[in-house]
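Reader: Hi! I have a new structure open and would like to talk it through with you. Could you have a look with me?

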Amino acid sequence: MTKEYQDLQHLDNEENEHQIRKGVPPPQSLLQRLCSGPRLFLLSLGLSLLLLVVICVIGSQNSKLKEELQALTETFSNFTATTEAEVKDLTHLGESVGKKMKSLESQLEKQQRNLKEDHSSLLLHVKQFVSDLRGLSCQMAILHGNASEKSCCPVNWVEYEGSCYWFSRSGKPWPEADNYCKLEDAHLVVVGSMEEQRFVQHHAGPVNTWIGLTDQNGPWRWVDGTDYEKSFKNWKPDQPDDWYGHGLGGGEDCAHFTVDGPWNDDFCLRPYRWVCEIERNHIS
């Protein structure tokens, strides 16, 4: 009886163990548990919310970036406009300064030219004063019998650098002016330097004035025989041109001072003023 009960109890225990082993499922992995229905839904919902939050954050950051970019663009645009305006102002200022510098340089050059002209004129007046004083002294010495007439210029003639000059106040054609000087034992003026040019121009005034230079009988020659090729010249630009367009017949074979000084060739029969010259030690 006891043995049978023990066997029966052992059998019941085996059946219970078998039922327990058969009813309890095997343990599941973490991934299987997460992928189960409710958990999967919750996980998807969480991921969706996280993604939505990320999208919102990115959108917010993108909006801020756009605002900052717009602000930077406006700032850069304002800076560019300001810089361009300043560059334009500096350019205008530079141009203005450049114009003022050129104006000052031009004024300085003009003043320097005027000073040179004034200096030359002053020297000429000083020389003329000395010449006039010497001539007056010479004439006084002649009156007192202490000097020879050969050492002085004739009355109404002007002495300069050892020569005597006479300036007409009327006009004659070149041949008549040349003959007038010959009758005075002189010749039409022969200009040998710029200093003599200034002296004659100063006393003749701003008028056309015949000088002793002609090419009527061949090449240009001075009336006193001075070598034309080696001598001083002061022609105007593009002169002499022997122009025939004046309609007076023939070309231009006689030289004269123009109103501003430089020489020009002209028709010899025009009635211009003239200047006679003679060396002081050749006075008879």
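Author: Happy to! This is a predicted model.

Reader: Nice. Which helix does Val-54 lie in?

Author: Val-54 belongs to helix H3, which covers residues 37-143.

Reader: And is Val-54 buried, partly exposed or exposed?

Author: Partly exposed, because its relative accessible area is 37%, and that class runs between 20% and 50%.

Reader: Good, now the inside. Which residues touch the most other members in the largest nonpolar core?

Author: That core has 20 residues, and the ones touching the most other members are Tyr-165, Phe-167, Val-200, Ile-211, Leu-213, Trp-222 and Trp-263. Two or more residues each come from strand S1 (158-160), strand S2 (163-167), helix H5 (194-204), strand S4 (209-214) and strand S6 (254-257).

Reader: Which element gives the largest share?

Author: H5 does, with three residues.

Reader: What does Val-200 touch, leaving out residues up to four places away in sequence?

Author: Val-200 is in contact with Tyr-165, Phe-167, Val-189, Phe-257 and Val-275. Apart from that core there is another one, with 16 residues, including Trp-166, Cys-254, Cys-268 and Tyr-272.

Reader: Changing topic to backbone geometry. Where is there a cis peptide bond?

Author: Between Gln-239 and Pro-240, with omega at about 0°. Pro-240 sits in the loop that links strand S5 (221-222) to S6.

Reader: What about phi at Asp-238?

Author: Asp-238 has a positive phi, near 65°, and is not a glycine. This aspartate is also found in the loop between S5 and S6.

Reader: Why does Asp-238 count as exposed?

Author: Because the relative accessible area of Asp-238 is 72%, and exposed means over 50%.

Reader: And what is phi at Asp-242?

Author: Phi there is positive too, about 50°, in a residue that is not a glycine. Asp-242 lies in the loop between S5 and S6. Asp-242 counts as partly exposed, because its relative accessibility is 29%.

Conventions:
Residues numbered from 1 in each chain as written. Predicted model: local features only at pLDDT ≥ 70, side-chain atom pairs only at ≥ 80, totals over all residues. Heavy atoms only, no water. Core = buried A, V, L, I, M, F, W, Y, C linked by side-chain atoms within 4.5 Å. Buried < 20%, exposed > 50% of the residue type's maximum accessible area, 1.4 Å probe, protein only. Helix = DSSP H or I, 4+ residues; strand = E, 2+ residues; numbered from the N terminus. Contact = heavy atoms within 4.5 Å.
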